[in-house]
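User: I would like to learn how to read the features of a structure one at a time, with the general idea first and the particular case after it. Could we work through it in that way?

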Amino acid sequence: MSQELSLHQRRRPPSTEEIEGIPWLAPLHRHERERAIAALLVGDASPGDYVCRIGRPVTYWFGVVEGLLKMNNDNPDGGSMTFAGLPPGGWFGEGTAMKREPYRYNVQALRASVVAGLPIETFHWLLDHSIGFNRFVMNQLNERLGQFIAAREIDRLNSPDLRVARSLAALFNPVLYPSVGQMLHITQQELAYLVGLSRQRVNEALTALERQGAIQVEYGGLRVLDLAALRWHVFQVGEHRKASRRKR
């Protein structure tokens, strides 16, 4: 973790380009948008920096401008459960912000990232005054509920290949992460951290998913070719791997 200034101390006003990448500003009326932009701050997070920590009071509603974060919780046995990966365009913690309760999860940067924060008072002002903002937050909550239900199902999957497929589908959610599009910049090691598997095992799963036409592995990331397949198909990757071994 960075030993220099804290993420909070490194906050700064957003650039014009960073503002243009914030998805919830578009549906706001002009005066609402101007108030929100005046309050927005961004911080340059180093790998390992905490954006949120369990038990800390909520002060901002956060979003990812660039980079990759992970949302996780610590288990009593010393382990960790990852709830979600947070790629560019994703805003998170709206439920905590609405209730003004302490965080029940950690959010940490997996790589150098740019994180935006909307002060909690401005967040609640928009809830009180903006129909467009309310619709955005409502859609976020609905999608987030589905995401966490899927995360529980992923944790119970015995097939590592299905775990990788479902985890990738979550990262390509067009509502929660509109800036991702069809191409996600992520390393196999970062994906391994999110899925809870070894890098070697993630590599095997990606090779199998690519062979079946669901993704395309490219330099610096992954391109999704069939999002529905990642979400719903029961890939017979284990059988393909056994057949490959028999041919040897």
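User: To begin with a single side chain, is Arg 12 buried, partly exposed or exposed, and at what relative accessibility?

Analyst: Bear in mind throughout that this is a predicted model. Arg 12 counts as partly exposed, its relative accessibility being 25%.

User: With which residue does the side chain of Arg 12 meet in a salt bridge?

Analyst: The general idea is that side chains of opposite charge can pair when their charged atoms come close. In this structure the side chain of Arg 12 meets that of Glu 18, with 2.9 Å from N to O, and Glu 18 is buried, at a relative accessible area of 10%. The pair belongs to a network of salt bridges that links Arg 12, Glu 18 and Asp 44.

User: How many salt bridges does a search of the whole structure find, and how far apart are the closest N and O atoms of Lys 99 and Glu 101?

Analyst: The search of the whole structure finds 12 salt bridges. In the one between Lys 99 and Glu 101, the closest N and O atoms are 3.5 Å apart; Lys 99 counts as exposed, at 54% relative accessibility, whereas Glu 101 counts as buried, at 15%.

User: Which residues of helix 8 are buried, and where do they fall when seen down the axis of the helix?

Analyst: The buried residues of helix 8 are Arg 201, Val 202, Ala 205, Leu 206, Ala 208 and Leu 209. Seen down the axis of helix 8, these buried residues fall within an arc of 165°, so they line one face of the helix. Just after helix 8, Gly 213 takes a positive phi of about 85°.

User: Turning to sheets, what is the order of the strands in the open sheet of 4 strands, and which strands stand at the edges?

Analyst: Strands of a sheet pair through backbone hydrogen bonds, either parallel or antiparallel. The open sheet of 4 strands has the order 1-8-3-6, and its pairing is antiparallel. Strand 1 (41-45) and strand 6 (91-92) stand at the edges with a single partner strand each, so one side of each is left without a neighbour in the sheet. Strand 1 runs antiparallel to strand 8 (residues 113-119), to which 5 bridges join it, and Leu 41 has Gly 117 in strand 8 as its bridge partner.

User: How should I read the two sides of a strand, and which residues of strand 7 lie on each side?

Analyst: In a regular strand the side chains alternate between the two faces of the sheet. Strand 7 (residues 106-109) has Asn 106 and Gln 108 on one side and Val 107 and Ala 109 on the other, all of them buried, and both of its faces are covered. Strand 7 is joined to strand 2 by 2 bridges, the two running antiparallel, with Cys 52 opposite Val 107. Strand 7 also pairs with strand 4 (residues 69-74) in the antiparallel sense, over 4 bridges, where Asn 72 stands opposite Asn 106.

User: Finally, for a loop residue, where does Gly 55 lie, and which residues is Gly 55 in contact with beyond its neighbours within four places in sequence?

Analyst: Gly 55 lies in the loop between strand 2 (50-52) and strand 3 (60-66), and counts as partly exposed, at 49% relative accessibility. Leaving aside those sequence neighbours, Gly 55 is in contact with Pro 102 and Tyr 103. The C-alpha atoms of Gly 55 and Asn 106 are separated by 9.2 Å, although the two residues are 51 residues apart along the chain.

How values were computed: Residues numbered from 1 in each chain as written. Predicted model: local features only at pLDDT ≥ 70, side-chain atom pairs only at ≥ 80, totals over all residues. Heavy atoms only, no water. Salt bridge = Lys/Arg side-chain N within 4 Å of Asp/Glu carboxyl O. Buried < 20%, exposed > 50% of the residue type's maximum accessible area, 1.4 Å probe, protein only. Contact = heavy atoms within 4.5 Å. Arc of directions from axis to C-beta. Pairing = 2+ DSSP bridges.
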